Amino acid sequence: MKHRHLLGLKDYPAADIKTIIDTAFSFKEVLERPIKKVPSLNGKTIVNLFFENSTRTRISFELAQKRLSADTVNFSASTSSLKKGETFKDTAQNLEAMKIDAVVMRHPTPGAALHLTKHIDAIIINAGDGTHEHPTQAILDMTSLHEKFGYLEGLKIAIIGDISHSRVALSNIYGLKTMGAEVTLCGPATLIPPFIEDLGVSVNYNVDEVIEWADALNVLRIQRERMRGGLLPSIREYRNLFGITTERLSKHKKELVIMHPGPMNRGVEIDSAVADSDQAIILNQVLNGVASRMAILYLLLGGKFEEGKD
Amino acid sequence: MNFSKLKKQVILKGGKILDPLANTIKKGDILIQEGKIKAIGKVKSNKSVQTIDCKNLIVTHGFCDLHAHFREPGREDKETLESGSMAALAGGFTRVCVMPNTNPPIDSPEVIRYIVDRSDECPVYIHPIGAITKGQEGKELTEMGAMLAEGAVAFSDDGLPVTDSAMMRNALDYGTMFDIPIINHAEDLCLKQDGVMHEGIVSTNLGLLSSPDLTESNMVHRDLSLTNLTGGRLHVPHVSSAKSLDHIRFSKKNNDKITAEVTPHHLFFTDNDLQGFDTNLKVAPPIRTIADQKALVKAVKDCTLDCIATDHAPHTIEEKEGTFDLAPFGMIGLESCFGAVNKVLVKENDMDQLSLIQMLTTKPRAIMGFNNKLFDIGVNAELTIIDPKEEWVFSRKDIQSRSHNSPFIGQNMYGRIKYTINKGHISVI
Amino acid sequence: MASPKIKNIMNSEAIDRSITRLAHEILERNHGADKLMLIGILSRGEPLAKRLQSLIQKISGTKTPIGFLDITFHRDDFRDRLVVPQVKGTDINDPIDGKIIVLVDDVLFTGRTIRAAMDELNAFGRPQKIQLAVLVDRGHREIPIKADFVGNNIPTHEGEHIKVLVKEIDNKDGVQLTQSRN
């Protein structure tokens, strides 16, 4: 693996992404066994350092770590007790002093994961740094797409929703472009960042056109805070213009794969019936989440890498 | 840096005397006696006189900075008037104007008095810039008349913009009575919101909240228009964007009461340099694109920009070592100024040495009404001696400030301050 | 460095004869194919297991269930070497509880691969018995593992290497002894 840490998918080598996806499939098999455990990370200590609430990502990582026989420690810091910057460095140095092998960190500030690498010698995995990147989510999304279609190159993926505030979107854009897929973004103009086309993606505000074009839709959660910021008039308006509703999908007679990183606002960006339909691979994403996180941890922490010979 | 009292007689021998007022560069010697210029030309040296070999060095006026933050009173942990003076001397500056966003702010004649008195004890001439509004709250004008009488040289709420246009108009209007510059930190706080860098391709890639160049240029346009309306004097601080330059250039055609400054960091860096999330590059106004950088260089050369000012802004290690969103805005800049601007302007963009020196000496002094005849016989020696071609790497050792928040550490510099002579003392850098 | 000397120890017919004998021995020892399950250890254990399965079917009429193990995740040198597993890895679809498992591999050497395989089998259930069938036993055990069914015993020295070639992967059958000169 070219990089010691996993901080983001920008400039992450395609070969390494492929290795992670392939290894994830091997681990998926492990997750089907009666005893879902391999000894690969026996004796390694991993800290889940979450400065922001996230039950599902943390549980996914925790399961991945335990299935690999690693020792897991959870640290949750609520923002109110965060004494701004001071605690970050102190926390990092305290962990360092306890001789841990890896840190999985989620933090509300972009650049926080990179910042942590300056204070700590352990391997860092970014579980989401503010509105910057969320590489493991993009990897599990790509694993799920690969599983469904058998390939990624040339796939047409539409990401729908609040792109500006989405680290899931940015990481997916980097990863999918690296793997040769095509990406179109769709959402309210106020929620699509300027200059985003520079990353090689298209932007289209007409969700029906986008649905016609795409092989798969990655539907993002709409946060109610956006209305207070003057960026979005109402939930109703969003649903009318961009909601992936049963009504809207029924107008398009085509094979379409539906994805969502979760948690879903059923009835807002996506209808319940759509989320529960056969087209949706949302639960697969969850399982692939554990498998791909196992792959990432295995590849980054397991011994010195040698070209795969036996 | 070695700081000591000047000997009774000192000869600066064989240097290139660059007179930015007379526009000349002549090889010659300078004799300084009891801290004053005694003779210029050919001076015989003898054993009892200290001789400083200035072969291949430029001897010129000490630099004047119109924009620095010495954190006294209130945050002496970041900088004091003394430590700021040392930083200034290391950068070749003999005169510094300090901004009023201290704690308490410099918003009354009493605090102006305090700064002026303290400055007498400092090795650099320090001139207080008074706040425009009381407490910098943007609601009531300060007692400009009384503050000027105590020694204020200009007025600014720097750190904060004067958001209320009526208040800005009043400040310019009131200021016409005194013929002093009003300096507004142009930043539309509503457009800025929580932006921490320039809104562009780089900010999109970094996921950082950002603000567009209009945040500055809209307000610059407002200030220029109000200046035309009132007949006041405006000095635009730390111009960062091409759009602002367009407005300034246009206004200057018909109004000679407008001046503008640029910082070394806006000339040296671009937003690309923020890829590593270095908090030392977090400044307000933010560092913008290559196109803006090129426009700034062009504006220096065509005199749209009048002078270079450092916006020296010390912050503690603890404040700057946190995550990007929480770090305060600002970097120190006195010590690194010349090496940086000389490299960008003279070495890389064909500006002539004399013009650059004018941007650090006569032009800023003229804006504030300071004496520019620094090579007159009998005048207090206020000089700096420079090796214009030395290539060096800026390091922590070169910093004299109490704070170390500089992104110039590790950068290549061109041109180096060797000595600064001021107030009867000499600093050997 | 001179290129290593390669000696052909077994040819295609010899291999066929050995595998046929192994099939008979497995059936004999276990009194038939009842409860038998073959598990091939990737990579070359897979085609060998498949051949055994077809031979056992020819002889006894029973098609024994078959599975495959990729032991990558259970290697005991995981602290030192990172090995990336193969894409088509472990594949065990039938329950192993109560079965007589015959592990199939090409070469038995230190025994660590077999230990890893047994460790991995634990995750799937509890067999009644585990037996081991190998095409070649080259000696030099580092842990106490013994093969129940051996195609050919080929004693070797350190610095020698046994390579088994199978039609399905290498386009031909053979067993080679390589001497690397150092």
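This is a predicted model: local features need pLDDT of at least 70, side-chain atom pairs count only at pLDDT 80 or more; totals for chains, interfaces and linings use all residues.
A residue is called buried here when its relative accessible area is under 20%, exposed when that area is over 50%, and partly exposed in between.

**Stop 1: C:Ile39**

Select C:Ile39, which lies in strand β2 of chain C, a strand made up of residues 36-41. Is this residue buried or exposed? Its relative accessible area is 0%, and because buried means under 20%, C:Ile39 counts as buried. To see what surrounds the side chain, leave aside the neighbours within four places in sequence and display the residues in contact with C:Ile39, which are C:Gly67, C:Phe68, C:Leu69, C:Ile92, C:Ile101, C:Val102, C:Leu103, C:Val104 and C:Leu121. One of these contacts, C:Val104, is 65 residues away along the chain, yet its C-alpha atom and that of C:Ile39 are separated by 6.0 Å.

**Stop 2**

Move on to the loop between β2 and α2 (45-60) of chain C, where C:Ser43 is found. Colour the backbone here and look at the peptide bond joining C:Leu42 and C:Ser43, which is cis, with omega at about 10°.

**Stop 3: chain C as a whole**

Traced from the N terminus on, the elements run β-α-β-α-β-β-β-α-β-β-β-α-β. The radius of gyration of chain C is 16 Å, close to the 16 Å that the globule rule gives for 182 residues, so the chain is as compact as a globular protein of that length. Along its principal axes the C-alpha trace spans about 50 × 40 × 30 Å, and 52% of the 182 residues count as buried. Among the contacts in chain C with a separation of 6 or more, 70% come from residues 24 or more positions apart. If you switch to a surface view, the accessible surface comes to about 9100 Å², with carbon and sulfur atoms contributing 48% of it. Colouring by charge picks out 27 positive and 25 negative side chains, and the centres of these two sets lie 3 Å apart.

**Stop 4: how the chains meet**

Show every chain together. Two pairs of chains are in contact, and of these chains A and C share the most contacts. Chain B and chain C, by comparison, do not touch, and their nearest C-alpha atoms are 30 Å apart.

**Stop 5: two exposed residues of chain A**

In chain A, select A:Asp11, which sits in the segment before α1 (14-30). Its phi is near 60°, a positive value in a residue other than glycine, and with a relative accessible area of 63% A:Asp11 is exposed. Then select A:Pro233 in the loop between α8 (225-228) and α9 (235-242); this proline is also exposed, with a relative accessible area of 62%. A distance drawn between the C-alpha atoms of A:Pro233 and A:Gly289, which are 56 residues apart along the chain, comes to 34 Å.

**Stop 6**

Turn to chain B, which has 14 helices and 19 strands. Its radius of gyration is 21 Å, close to the 22 Å that the globule rule gives for 429 residues, so chain B is as compact as a globular protein of that length. The C-alpha trace spans about 65 × 45 × 45 Å along its principal axes, and 63% of the residues count as buried.

Within this chain, select helix α4 (residues 165-175), where B:Met167, B:Met168, B:Ala171, B:Leu172 and B:Gly175 are buried. Looking down the axis of α4, these buried residues fall within an arc of 135°, so they line one face of the helix. Which elements cover them? Among them are α3 (144-150), β11 (182-183), α7 (214-230) and β14 (234-236) of chain B.

**Stop 7: two loops of chain B**

Finish with two backbone details. In the loop between β8 (93-98) and α2 (109-120) of chain B, find B:Pro104, which is joined to B:Asn103 by a cis peptide bond with omega at about 5°. Then go to the loop between α10 (290-301) and β16 (307-308), where B:Cys303 is found. B:Cys303 has a positive phi of about 65° although it is not a glycine, and at 39% relative accessibility this cysteine counts as partly exposed.

Conventions:
Residues are numbered from 1 along each chain as its sequence is written. Chains are lettered from A and ligands numbered from 1 in the order in which they are written. Side-chain values use heavy atoms; hydrogens and water are left out. Helices (H or I, at least four residues) and strands (E, at least two) are DSSP runs, numbered from the N terminus. The radius of gyration is taken over C-alpha atoms; the globule rule is 2.2 Å times the number of residues to the power 0.38. Buried means under 20% relative accessible area, exposed over 50%, partly exposed in between (1.4 Å probe, protein chains only). The arc is that of the directions from the helix axis to the C-beta atoms. Contact means heavy atoms within 4.5 Å. Accessible areas come from the Shrake-Rupley method with a 1.4 Å probe; for residues, only the protein chains shown count as cover. Lys and Arg count as positive and Asp and Glu as negative; His and the chain ends are not counted. The place of a charge is taken as NZ of Lys, CZ of Arg, CG of Asp or CD of Glu.
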